[in-house]
Amino acid sequence: FAILKDRIEYRGGTRVVAVKSRADVILAIDDSLPTESFRFEDAGKALRVAGGSPQGLLYGIGKLLRTSSYDGVTFRASAWRGTSSPRGTLRGMYFASHFHNWYHQASPPEIARYMEDLALWGANAVMVIFPMINLQSWDDPQAGPAMDLVRQYARTARELGLQFATGLNNAFFIGAPKEIRAPPLPDPLKRRGNSGHPICPSNADGRAYIMENTRLLYEKLTDVGLDILVLWPYDEGGCACEKCAPWGSNGYLRISRDQVELGRKYFPKMKSVLFVGLGGGTGP
């Protein structure tokens, strides 16, 4: 109700109040609907918007806002009637919050409102990474603020009922020891990423380094939670050593499995998303 009230009043001209006896729009939870679905139906002279859950109702409010009319004075509720269900089970957005862009610099209220807008369009997940690619180590002066930002996004997602995701691969801190670095993949077509500091998971010390830093990341997220772990093979490179090659169907899969298995010890219901692709613009 607070989000609906804010969006209608923001467009101007209409004050929204909660008066059950003469409501123009009724918001409800209907357990007979699928969890993320919503229904618009007449309830006397009012429009009843029901969701199968709070998230379903939020998606319904988004539909209401997009299909209603505003003339600066009067709000006219949507004429649409029917039931709607999302086509996909995962509908997310990745916030690249480590390039001093808007995602990095926006204030908490701006981030919250933006995330609300995504939810009103039907998104049910957001992804933010801890940017080891830009940091020397956990002791880097920017590591604390970067983790605070990740946790802030996670808490805001939780408040909206959105799933929170983060990402991992074999690329870690700038200050990783040189002796565990991965041999670069050949890139004759200049299509692969090579912006990170990949570690060889077939090197015993390299694997230990990967798993220890993976563990530390999970521990720093235990109080805010992690629903989805996203793993990708090529954006920051891979590993071209004999034991890891071919990277996309060998070393990458092995270290991804290890990271997922460790993650489920911290977050038993954590899902995993495994990416494939050429890098630079990978796809699931």
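**Figure 1. Confidence across the predicted model.** Welcome to a predicted model whose protein has a mean pLDDT of 92, with 95% of its residues at 70 or more. Please take care over residues 278-284, where pLDDT stays under 50. For that stretch the model has 19 contacts beyond four places in sequence.

**Figure 2. Helix α2, residues 54-67.** Let's start with the length of this helix: its 14 residues should span 20 Å at 1.5 Å a residue, and the C-alpha atoms at its ends are 20 Å apart, so expectation and model agree. The buried residues of α2 include three glycines, Gly56, Gly60 and Gly62. Among the other buried residues here are Leu57, Leu58, Tyr59 and Ile61, along with Leu64 and Leu65.

**Figure 3. Arginine 66 and its neighbours.** Staying in helix α2, we come to arginine 66, which counts as partly exposed because its relative accessibility is 36%. Leaving aside residues up to four places away in sequence, arginine 66 touches Leu120 and Trp121. The side chain of arginine 66 reaches the backbone oxygen of leucine 120 at 2.8 Å. Alanine 77 lies 11 residues from arginine 66 in sequence, with 10.0 Å between their C-alpha atoms.

**Figure 4. Inside the largest nonpolar core.** This core has 78 residues, of which Phe95, Met115, Phe130, Tyr153, Phe164 and Val230 touch the most other members. Helix α5 (residues 143-160) gives the most to the core, with 9 residues. In soluble globular proteins, nonpolar side chains tend to be buried together. For a closer look, take phenylalanine 130: beyond four places in sequence, its contacts include Leu135, Trp138, Ala143 and Ala146. Phenylalanine 130 also touches Met147, Val150, Thr166, Phe173 and Leu217.

**Figure 5. Two tilted aromatic pairs.** The structure holds 18 aromatic pairs. In one of them, tyrosine 70 and phenylalanine 75 sit 5.5 Å apart, centre to centre, with 50° between the planes, a tilted arrangement. Tyrosine 70 is partly exposed, with 22% relative accessible area, while phenylalanine 75, at 18% relative accessibility, counts as buried. Phenylalanine 95 and tyrosine 153 have ring centres 5.2 Å apart and planes at 50°, so this pair is tilted. The pair links distant parts of the chain, 58 residues apart: phenylalanine 95 is in the loop between β7 (92-94) and α3 (102-105), and tyrosine 153 is in helix α5.

**Figure 6. An aromatic cluster.** Here we meet Phe95 and Tyr153 again, in one cluster with Trp102, Tyr103 and Tyr114. Both phenylalanine 95 and tyrosine 153 are buried.

Definitions and conventions
Residues numbered from 1 in each chain as written. Predicted model: local features only at pLDDT ≥ 70, side-chain atom pairs only at ≥ 80, totals over all residues. Heavy atoms only, no water. pLDDT = per-residue confidence, 0-100. Contact = heavy atoms within 4.5 Å. Helix = DSSP H or I, 4+ residues; strand = E, 2+ residues; numbered from the N terminus. Expected span 1.5 Å × (residues − 1). Buried < 20%, exposed > 50% of the residue type's maximum accessible area, 1.4 Å probe, protein only. Polar contact = N/O pair within 3.5 Å; in protein donor to acceptor, adjacent residues only side chain to side chain. Core = buried A, V, L, I, M, F, W, Y, C linked by side-chain atoms within 4.5 Å. Phe/Tyr/Trp six-rings, centres within 6.5 Å; stacked < 30°, edge-to-face > 60°.
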